[in-house]
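Here are some notes for a colleague who is opening this structure for the first time. Please read them with the model in view.

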Amino acid sequence: MEVNAFLATPREGSSESKKKKTEVSGKVSSKMLEEWIDEMTESLPELTSFILAGGGVPASQIHICRSVCRRAERSMVMLSESTEIDERIQAYINRLSDYFFTLARKVTVLTN
């Protein structure tokens with residue numbers, strides 16, 4: 001929710017109190033996502049080719065989450081051309097899409 005609040009509040013033209021309420025705290029960190037990705041990757045076979053989205057309904061739904069996340073990331077890049085966006089948010093969204101990719105791989109292995 002913290003990411004949503006930050007992105008929904010323009011840095012320019014908003015009151016100082018609104019900006020303060022929507023500041024990004026230390027809770028928005030890619031570190032936990034990276035640890036989960038590393039943990040899942042250890043138990044997965046090495047990637048040797050391009051992965052097509054699929055692998056059953058659960059994995060396909062996770063791939064959709066990943067696609068939506070990538071779209072949000074591209075939108076943030078465009079938005080960052082006209083307003084300030086905290087780098088931690090951009091890094092978090094990037095790692096979140098990587099997490100979904102790894103999770104989909106893990107779910108495919110577990111369900112097949």
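1. In which helix is Asn 94 found? The model is a predicted one, and in it Asn 94 belongs to helix α5, which covers residues 87-111. With a relative accessible area of 24%, Asn 94 counts as partly exposed, because the buried class requires a value under 20%.

2. Which residues does Asn 94 touch, leaving aside those up to four places away in sequence? They are Arg 70 and Glu 73. For Arg 70, the separation from Asn 94 is 24 residues along the sequence, while the C-alpha to C-alpha distance between the two is 7.3 Å.

3. Turning to the aromatic rings, the count comes to 2 aromatic pairs. In the pair of Trp 36 and Tyr 99, the ring centres are 5.8 Å apart and the planes stand at 50°, so this pair is tilted. The pair links distant parts of the chain, since Trp 36 lies in helix α3 (residues 31-42) and Tyr 99 in helix α5, 63 residues apart.

4. Are the two partners of that pair buried or exposed? Trp 36 has a relative accessibility of 40% and is therefore partly exposed, whereas Tyr 99, at 17%, counts as buried.

5. Tyr 99 also forms a tilted aromatic pair with Phe 100, in which the distance is 5.9 Å centre to centre and the angle between the planes is 55°. Both Tyr 99 and Phe 100 are buried. Through these ring pairs, Trp 36, Tyr 99 and Phe 100 are linked into a cluster.

Conventions: Residues numbered from 1 in each chain as written. Predicted model: local features only at pLDDT ≥ 70, side-chain atom pairs only at ≥ 80, totals over all residues. Heavy atoms only, no water. Helix = DSSP H or I, 4+ residues; strand = E, 2+ residues; numbered from the N terminus. Buried < 20%, exposed > 50% of the residue type's maximum accessible area, 1.4 Å probe, protein only. Contact = heavy atoms within 4.5 Å. Phe/Tyr/Trp six-rings, centres within 6.5 Å; stacked < 30°, edge-to-face > 60°.
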